[in-house]
Amino acid sequence: MKMDKLEIITTLKLAAISHRAWFSNAQALIEGIPLDKDKVPVSALECEFGKWYYGEGRKLKVLPGFQEIEEAHEKLHATYMEIFTLLYGKETGKPSFFSKLMGTAQKAVAAKREAAKAKSLILRDHSDEVIDKMEELQQVIGAMDEKHLAGLFVQQDPEAQLCDS
């Protein structure tokens, strides 16, 4: 599979847009804005960016810097899992009448939301790292000439090698 420079950069920009939408939805949930939790998958494989990265995006695995995106993306989802568990994890049981009366149940929910907001700063750092890695990859691709870029795909494409022999 060969892609030209413009196709690759456009693909990476679309993937970044998808990632930013996920991050926006994650922030909304953390802030308590009602949103379908399915819009913010916890798994790195289930978000739109992850579906692209582990699907169609694998065609770009030959490019220098592509693999580095994965580690940043995994860290992002691990942090989000911690936040999601804080906000939506299983409760230890229904609040008692006494805890409702004293307001301790509401205080516990507020404390979890505050902890989630604190962790959201780490989430933002990981999100920025994913975007930075994608932008670095775009710069590397932009600096390559088309011939060198095409050569990377031929080296990794066993079908192309069979056709050449």
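## Basis of the model

Because the model is predicted, local features need pLDDT of at least 70 and side-chain atom pairs count only at pLDDT 80 or more, while totals for chains, interfaces and linings use all residues. Residues are numbered from 1 along each chain as its sequence is written, and side-chain values use heavy atoms, with hydrogens and water left out.

## Overall make-up

The protein has 7 helices and 0 strands, where helices (H or I, at least four residues) and strands (E, at least two) are DSSP runs numbered from the N terminus. Of the 165 residues in the protein, 35% are buried, a term that means under 20% relative accessible area, with exposed meaning over 50% and partly exposed in between (1.4 Å probe, protein chains only).

The accessible surface, computed by the Shrake-Rupley method with a 1.4 Å probe, comes to about 10,100 Å², and 57% of this belongs to carbon and sulfur atoms. Among contacts (heavy atoms within 4.5 Å) between residues at least 6 apart in sequence, 77% join residues at least 24 apart.

## Helices α1 and α3

Two packed helices are described by the angle between their axes and the distance between the axes. The axes of helix α1 (residues 5-30) and helix α3 (residues 66-88) come within 11 Å and cross at roughly 25°; such axes are lines fitted to C-alpha atoms, for helices over the stretch in contact, and the angles run from 0 to 180 degrees between N-to-C directions. The two helices α1 and α3 are therefore roughly parallel to each other, a label given to angles under 35 degrees, whereas those over 145 count as roughly antiparallel, 65 to 115 as roughly perpendicular and the rest as oblique.

On the α1 side the contact is made by H19, W22, A26, L29 and I30, and on the α3 side by L76, H77, Y80, I83, L87 and Y88. These residues divide into 9 nonpolar, 2 polar and no charged, where Ala, Val, Leu, Ile, Met, Phe, Trp, Tyr, Cys and Pro count as nonpolar, Asp, Glu, Lys and Arg as charged, and the others, Gly among them, as polar.

## Two residues of helix α5

H126 is found in helix α5 (residues 104-143) and is buried, with a relative accessible area of 14%. Leaving aside neighbours within four places in sequence, H126 is in contact with A72, K75, L76 and T79; the C-alpha atoms of H126 and L76 are separated by 5.0 Å, although the two residues lie 50 residues apart along the chain.

S127 also has its place in helix α5 and is buried, with a relative accessible area of 5%. With neighbours within four places in sequence again left aside, S127 is in contact with H19, F23 and L76.
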